[in-house]
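Please look through the sequence and the model below before reading on. The paragraphs that follow move from single terms to the pieces they describe.

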Amino acid sequence: MTEIKTACVGRPRGFDIDFALAQALDVFWRNGYEGASLSELTAAMGIKKPSLYAAFGNKEQLFLKAIDLYESRPESFFNQAFQCDHIGDVIKGLLLGAAMQFTDTNHPQGCALANSTLSCSEASESIKQAIVERKAQHNQNLVARFETAKKQGELKEECCPEDLARLMAILFQGMSVQASEGTNVEALIKVAQMAVDCVLSQYVNK
């Protein structure tokens, strides 16, 4: 574990920076960027404001580090699905994985990227842009994976990788909103399976 030492009431204080960042992620995930106050963040992280500034810089930098943590998790459905060899398994892993993880009650519901900027104002334009850029990168990764699958004959000739990637992004966003509004895992998995069946039958060679 990495530890940060900062001054607190005249003496150094140590804290687990990895744990603190995970706690900050939960606050941003649940309340959004603007809805997460510094007092709530520091309370969840178990630190004082000076320690937050010393370790992370400011709220914006803390948020971006928290999103880095969210995206790098080995258990992320995106990371897990991309380990599959056949494109049909990748698509199934992405859609069913999203349904299960967006409704997982061990953390806030929905997608952290989508939740964090739903209600951001112009004052947080830089944060909104950072999330837009990350989503664009995810889309590029999907397009590249679909292009590879098409070259390998796994996708039908009429399938456009860009269109399929856009469809997946729309499905992710819709499932995230549904999960955030309380749709349970069973209901969302049914929808995800319907989407899997449609995509596989329409675009994937058996």
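An angle between two axes counts as roughly parallel under 35 degrees, as roughly antiparallel over 145, as roughly perpendicular from 65 to 115, and as oblique for the rest. The axes are lines fitted to C-alpha atoms, for helices over the stretch in contact, and the angles run from 0 to 180 degrees between N-to-C directions. Helices (H or I, at least four residues) and strands (E, at least two) are DSSP runs numbered from the N terminus.

This is a predicted model, in which local features need pLDDT of at least 70 and side-chain atom pairs count only at pLDDT 80 or more, while totals for chains, interfaces and linings use all residues. Residues are numbered from 1 along each chain as its sequence is written, and side-chain values use heavy atoms, with hydrogens and water left out.

The chain holds ten helices and two strands, and its C-alpha trace spans about 70 × 35 × 35 Å along the principal axes. Of its 206 residues, 40% count as buried, where buried means under 20% relative accessible area, exposed means over 50%, and partly exposed lies in between (1.4 Å probe, protein chains only).

Consider now helix 6 (residues 87–102) and helix 8 (residues 125–151), which pack at an angle of about 150° with their axes 10 Å apart; the two helices are therefore roughly antiparallel to each other. Helix 6 brings Ile87, Val90, Ile91 and Leu94 to the contact, and helix 8 brings Leu142, Arg145, Phe146 and Ala149, contact meaning heavy atoms within 4.5 Å.

An α-helix has 3.6 residues a turn, so residues three or four places apart point the same way.

Last come the cysteines. A disulfide is counted when a pair of cysteine sulfur atoms lies within 2.5 Å, and by this rule there are zero disulfides. Cys84 is in none, since the nearest cysteine sulfur, that of Cys159, is 17 Å away. The sulfur of Cys159 is itself 7.0 Å from the closest cysteine sulfur, in Cys160, too far for a bond.
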